[in-house]
Amino acid sequence: MKIDGTVALITGGAKGLGLAIATHLTELGAKVVVADRDAEALAALPAPMGRYQLDVTRPEEVRTAVTEITKQFGNIGILVNNAGVIFSEPFVNIMNPAGMMHDYHRFRDSITVNMDSVFIMTAAVVEKMVMTRMKGVIVNISSISACGNEGQTAYSAAKAGVNAMTVTWSKELGRLGIRCNAIAPGFIGTESTHQALNASAIKHIKENTPLRRLGEAVDVAKAVASVIENDFINGIVLDVNGGLTI
Amino acid sequence: MNKRLIACLADVFGLRESEIHPDLKKENVDNWDSLKQMDLVLSLEREFDIALEIPDILRMTTVANIVDVLKEKGVDLED
């Protein structure tokens, strides 16, 4: 799909990885609309980007938002489901006998934010695409954690779910001209990675990555653009991790 | 019935051409579900070079209705 001139909705696009994706797609000529909870970060976005304050876990709000965005900016041709929150909690915390096991409510919340939101957003956007017989591309931002990552039961499960939805939708929606792919970043040198990992852990990751470095946000943004532009890529989960999982 | 239409329907639903007739309807074809409906839409659009709208697609639940929709789209179904 041609990016230039196409309306691209990026969730969680006001900061970090999402902002890098929004910026790159804007540079390639997309009419980018960023949906994010963070009003302050939205206000700081550069002028060409459209902005919409939205909680992507609320189906009714999302449906309203997609209708309003479509009216204001035109039919959405690209959806990048980037919104999510990295969440870490050990399944068993032997040091906390009173609350030794992973809390179920925090598990559920993480699934809602990281997986349900992808379902909710995609359902709202694909409905519009189908009703207008419009072709489109869905790009889900997955994670290396989808393979299972210790200390991240909920986040890993959510991202594995995202991968499964990606493949399912690619099979089901392909006949409608709607492609669906996922990008699975490894360790990217964003603020959240540096907050989540100490220097020793980052050194260990670099040593085990064939390219001997963390990724950059633009590496992920370029991968997003490539699966949008290539009309025969459908149903893949593209690792962007410097070869860490080889 | 038009041979090209029969071929489309037989191909999409995996039926023999002799099984395709105007009285055939969604309820009588085991695999005529929403996914097959979209396969049918794409097949008809390609074969007859037309664009079908959602209301047309919703109506196309019998072969007779499909014939009506195609005629409304200006398709010549005379063999």
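The contact between the chains takes five residues from chain B and four residues from chain A; two residues are in contact if their C-beta atoms, placed from the backbone, lie within 7 Å. Helix 2 of chain B gives the largest share of the chain B side, four residues. That side divides into four nonpolar, no polar and one charged.

This is a predicted model, in which local features need pLDDT of at least 70, side-chain atom pairs count only at pLDDT 80 or more, and totals for chains, interfaces and linings use all residues. Residues are numbered from 1 along each chain as its sequence is written, while chains are lettered from A and ligands numbered from 1 in the order in which they are written.

**Chain A overall**
- Chain A has eight helices and seven strands. Helices (H or I, at least four residues) and strands (E, at least two) are DSSP runs, numbered from the N terminus.
- The C-alpha trace of chain A spans about 55 × 40 × 40 Å along its principal axes.
- A compact globule of 246 residues would have a radius of gyration near 18 Å, and the 18 Å of chain A agrees. The radius is taken over C-alpha atoms, and the globule rule is 2.2 Å times the number of residues to the power 0.38.

**The sheet of chain A**
- Seven strands form an open sheet in the order 3-2-1-4-5-6-7, with parallel pairing. Two strands pair if DSSP finds at least two bridges between them.
- Strand 3 (50-53) and strand 7 (237-240) of chain A are the edge strands, each pairing on one side only.
- Neighbouring strands of this sheet are turned by 20° against each other on average, direction ignored.
- Strand 1 (residues 7-11) and strand 2 (residues 31-36) of chain A run parallel, joined by five bridges. A:Leu9 has A:Val33 in strand 2 as its bridge partner.
- Helix 8 (residues 217-229) of chain A packs on the sheet and touches strand 4 (76-81), strand 5 (136-141), strand 6 (178-185) and strand 7. The direction of helix 8 makes about 160° with that of strand 6.

**The helix pair of chain B**
- The axes of helix 1 (residues 3-13) and helix 2 (residues 34-48) of chain B come within 10 Å and cross at roughly 150°. Axes are lines fitted to C-alpha atoms, for helices over the stretch in contact, and angles run from 0 to 180 degrees between N-to-C directions.
- B:Arg4, B:Cys8, B:Asp11, B:Val12 and B:Phe13 in helix 1 meet residues of helix 2, including B:Leu40 and B:Leu44.

Definitions and conventions:
Ala, Val, Leu, Ile, Met, Phe, Trp, Tyr, Cys and Pro count as nonpolar, Asp, Glu, Lys and Arg as charged, and the others, Gly among them, as polar.
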